[in-house]
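Please keep the sequence and the 3D view at hand while reading.

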Amino acid sequence: MIKREDIDKILNATRVEDVVGSFVELRKRGVNYIGLCPFHNEKTPSFNVNPAKGIFKCFGCGEGGDAVSFLMKHEHYTYPEALRWLANKYGIEIEEQVLSAEEVAQQSERDRVYQINEFAQKYFQEVLFSDMEGKSIGLSYLRERELSEETIKRWGIGYCKDTGDDFSRKALAKGFTKEELVSAGVSLINANDGSIYDRFRGRVCFPIYNIGGRTLGFSARTLRTDKVKAKYVNSPESLIYSKGKVLFGLHLAKNEIVKQDECYLVEGNMDVVMMSQNGVTNVVATSGTALTEDQIRLIKRYTKNVTLLYDGDKAGIKATFKAVNLLLEQGLHVKTLLFPDNEDPDSFARNRTQDEFQDFIKNNAENFILYKTNLLLADAQNDPIKKADLTRDIIETISLIPDLLERNAYLQQCSKLLDVKEEILSAELAKIIRGKAVKETLKKEVAEAAPVNPVVNNAPQVNEVEKDISSIKEQSIISILFNYADRITTQEVYNSEGKIEKKDLLVANYVVCDIFNDNIAFNNELFNSIFMIYKDCIYNNESIPELRYFTSHQNPEISKLATDLVMTPYVISPNWEEKNEIKVPRPENKDTMDKYIKDSLLDFKLHKINEYIEDVKKRIPLAEGDYQLELLNVLTSYLGIRNNIAKLLGRVMIK
Ligand SMILES: [Zn+2]
């Protein structure tokens, strides 16, 4: 591992024109260099290198990035390999991370825990296939469950003998200490005489692996039918294993999850093993624990689409509700599928071919709102109070969805199912969302600078045509942040006595506070996440991230956008701007920049308020009575705000 300070040293020494120049013939043109792009075939150069910003960009094929990403793309290096290449070029010594004595001790302690679990896994499997008890009890059980030998081996499943301390004795003989075996979770200590015995005795042991396929612990199933024993015993938390951070089967499922762009989530390990034996391999399990945010983050690395396959019993249904809420909050798309009575994914997969199983999922997976609504409706039939509760419950769930368009779509479906007017649901939703926004705002300290511009509130609804214009407006804000975040701008703001005064502010501070104070959300998720990075730094009083933070960001979408927005062709033509949907700010001096920033913010808000106005207009004819009056009031106030913005921008609004 390369130390953070060393990485900074390397990046500070790196000159992008040197690095690219080692592979491409560059010519100076103005402040930039140009050359023939190494990533596509061309006869006239459209490949640009900007030394000041440390980035390159091809206007022919769109490739772009910093020196590190150039090496990664051109030389197919990994990130550390690229850094080592640069360190070598600039004569920077890399100190491979030096650990303190304590860290070394912990490191080797962790290694021991890994070794113990790996030893246990091999030993349990050997018992399963070669030992009398292992074969007659463990293996015959797995055969009964119709697992093939190949499956058993692929998943590393084994058996721990019921003799009490068979495994522990073998492990001691191997040189592990009592303390190590207990802390790794494979042995337990007898309080009476201090001897140790096997935690998993008499159980079939399913290894739990990390993403890289190393054994972290076990989930062990008893084969006794008496109810005294817990059906499953899992490894306790250890130096290497934390149950909320692991998904069973992910090490074998991840590639298929990416390929299918879909992850099936089940409860039991056996479901995963059986489904994968039947050819359905994009499946992972929570291993009987409640789904955690860490686990969802793991899934999110590979896909945004999750289908929950749970048992149709009461416990299964309850688990689904909770899981769905968490998944939605993280912006995932969720479907649910309950299995018929007395079936679970395991038994269901066992009796069907791969195609039958896949078809069953495709035909029966429901979007969660249909599923939850139908389920609760059956319970609430003819009971108006129950139905009101249920409506609120479902709207709460919908309010968790971060994406506005999606939220709206769910609202429509829900309105049909519940037979409740969409306006009523929409009003309820707005109330919940506003409540949340207020809570959020109260939590944060109000920024030092509260800008003068009008306040815009509430959640917009956007249609498809509007969406493109909207992302251009949003992009221009991000472009200002990338290009000018650390410059000083002079703007009119409210001071602490509520009076307007001219103040010198960092551009990032002014832009972020202005938008955040007005409670405006970006529709585009990428823009929003970039905006939030700036916002978090400002509200946590941290320094503004440098441009380099974004151009060398590990999320390729962010680094690409940063490169695109700060790198412009030598001569910018309006055609190029239009084609690339990029508006390039080119203020020659500070006054022009100040005005450009102010106008862009107003323009952005003008667009937002128009979105809100269109939305309210659509709702008014559908609403009735008091609600309609309320909407008319809202419309009047929006129109007032719009006129104010337009006046500030010097435009006349005709409509
Ligand atoms: Zn190119």
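## Terms and basis

Two strands are said to pair if DSSP finds at least two bridges between them, and the elements themselves are DSSP runs, numbered from the N terminus, with helices being H or I of at least four residues and strands being E of at least two. The model is predicted, so that local features need pLDDT of at least 70 and side-chain atom pairs count only at pLDDT 80 or more, while totals for chains, interfaces and linings use all residues. Residues are numbered from 1 along each chain as its sequence is written, and side-chain values use heavy atoms, with hydrogens and water left out.

## The mixed sheet

Strand β12 (residues 263-266) and strand β14 (residues 305-310) run parallel and are joined by three bridges; within this pair, Leu265 stands opposite Leu308 of β14. Both strands belong to an open sheet of five strands, ordered β13-β12-β14-β15-β16, in which the pairing is mixed. At its edges are β13 (283-285) and β16 (366-367), each of which pairs on one side only.

## The antiparallel sheet and its helices

## A strand hairpin

Strands β18 (residues 488-494) and β19 (residues 500-506) pair in the antiparallel sense over seven bridges, with Ile488 having Leu506 of β19 as its bridge partner. Five residues lie between the strands of this hairpin, in which Gly498 takes a positive phi near 80°.

Two packed helices are described by the angle between their axes and the distance between the axes. Helix α3 and helix α4 (residues 79-89) pack at an angle of about 115°, with their axes 9 Å apart, and are therefore roughly perpendicular to each other; angles under 35 degrees count as roughly parallel, over 145 as roughly antiparallel, 65 to 115 as roughly perpendicular and the rest as oblique. Val68, Leu71 and Met72 of α3 make the contact with Tyr79, Ala82, Leu83, Trp85 and Leu86 of α4. By class, this contact of α3 with α4 has eight nonpolar, no polar and no charged residues, where Ala, Val, Leu, Ile, Met, Phe, Trp, Tyr, Cys and Pro count as nonpolar, Asp, Glu, Lys and Arg as charged, and the others, Gly among them, as polar.

Helix α16 (residues 368-380) and helix α17 (residues 384-399) pack at an angle of about 165° with their axes 10 Å apart, which makes α16 roughly antiparallel to α17. Among the residues that meet are Phe368, Ile369 and Leu376 in α16 and Leu390, Ile394 and Ile398 in α17, and the contact as a whole has eight nonpolar, two polar and five charged residues.

The axes of helix α21 (residues 507-517) and helix α26 (residues 590-619) come within 11 Å and cross at roughly 20°, and these helices are therefore roughly parallel to each other. Val507, Tyr510, Val511, Asp514 and Ile515 in α21 meet Met593, Ile597, Lys598, Leu601, Phe604 and Lys605 in α26, a contact with eight nonpolar, no polar and three charged residues.

## Salt bridges

A search of the whole structure finds 30 salt bridges, each being a side-chain nitrogen of Lys or Arg within 4 Å of a carboxyl oxygen of Asp or Glu. One of them joins the side chains of Glu293 and Arg297, at 3.4 Å from N to O. Both Glu293 and Arg297 lie in helix α12 (residues 293-300), four residues apart, about one turn of the helix.

How values were computed. Axes fitted to C-alpha atoms, helices over the stretch in contact; angles between N-to-C directions. Contact = heavy atoms within 4.5 Å.
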